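Hi,

Here is the structure I wanted to pass on to you. Have a look at it first, and then read on for what turned up in the salt bridges.

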Amino acid sequence: MAQKAAKQQAARNTAILKRTHLISLAIAIFFALLRLLIFRASCTRATYLLYACFSAPAFFIEFWFERIGRPVTAPNGELKKSGQDLEAKGLTDFMWDVLYWTWGCTVAATILGDKAWWGYVVVPVYSVWLAWTTFGGMRKGMAGMSGGDSGADTVNGAMSNRQKKQEKRGGQKMQYR
């Protein structure tokens, strides 16, 4: 079977995109119906403006996922491109987090009112935290590359308890290169 992995990727991406679009449509309909029918008194122009502003990132992310993840087929039905993996780590994973959080804030704003949009403040805070921990981990990982000292203290500090006990007993000494 030719291109089995590409065909599986294309099928997985198609299912993910379909599910994403259906959930987004359901949330938009839920917002419109509840705000127009049940919470009509608290529904103002500002409500729809807030909805448009805070849902724009989710719509952009959906459009982007559609653009990079939708499989492309030739007119004869042959798979030309399977699309990028929508379950990849990194930026794609972060975009899924933003999309899920936007959906949660939309549902909360539908039920609780316009004050629930303040929950969207978590996204930039999460972004800063993620960037800080990524940079901090990278900084720690490259700390030994400075070459400033001989590294004798760091080598002894990195010994396991077993190695320390063996050297203390006078047994086999560990040789470091």
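R12 counts as partly exposed, because its relative accessibility is 36% (buried means under 20% relative accessible area, exposed over 50%, and partly exposed in between, with a 1.4 Å probe and protein chains only). Its partner is E87: the two side chains meet in a salt bridge at 3.8 Å, N to O. That pair ties together distant parts of the chain, with R12 in helix α1 (residues 4-38) and E87 in the loop between β2 (79-81) and α3 (91-112), 75 residues apart. E87 is partly exposed too, at 47%.

A quick note on the background: this is a predicted model, where local features need pLDDT of at least 70 and side-chain atom pairs count only at pLDDT 80 or more, while totals for chains, interfaces and linings use all residues. Residues are numbered from 1 along each chain as its sequence is written, and side-chain values use heavy atoms, leaving out hydrogens and water.

How many salt bridges does the structure hold? Three, where the term means a side-chain nitrogen of Lys or Arg within 4 Å of a carboxyl oxygen of Asp or Glu. Helices (H or I, at least four residues) and strands (E, at least two) are DSSP runs, numbered from the N terminus.

Another salt bridge joins D114 and R35, at 3.5 Å, N to O. This one also links distant parts of the chain: D114 is in the loop between α3 and α4 (122-141), R35 in helix α1, 79 residues apart. R35 is buried, with a relative accessible area of 2%, whereas D114 is partly exposed at 25%.

Then there is E66 with R70, at 2.6 Å, N to O. E66 is partly exposed at 25%, and R70 is partly exposed at 29%.

Cheers
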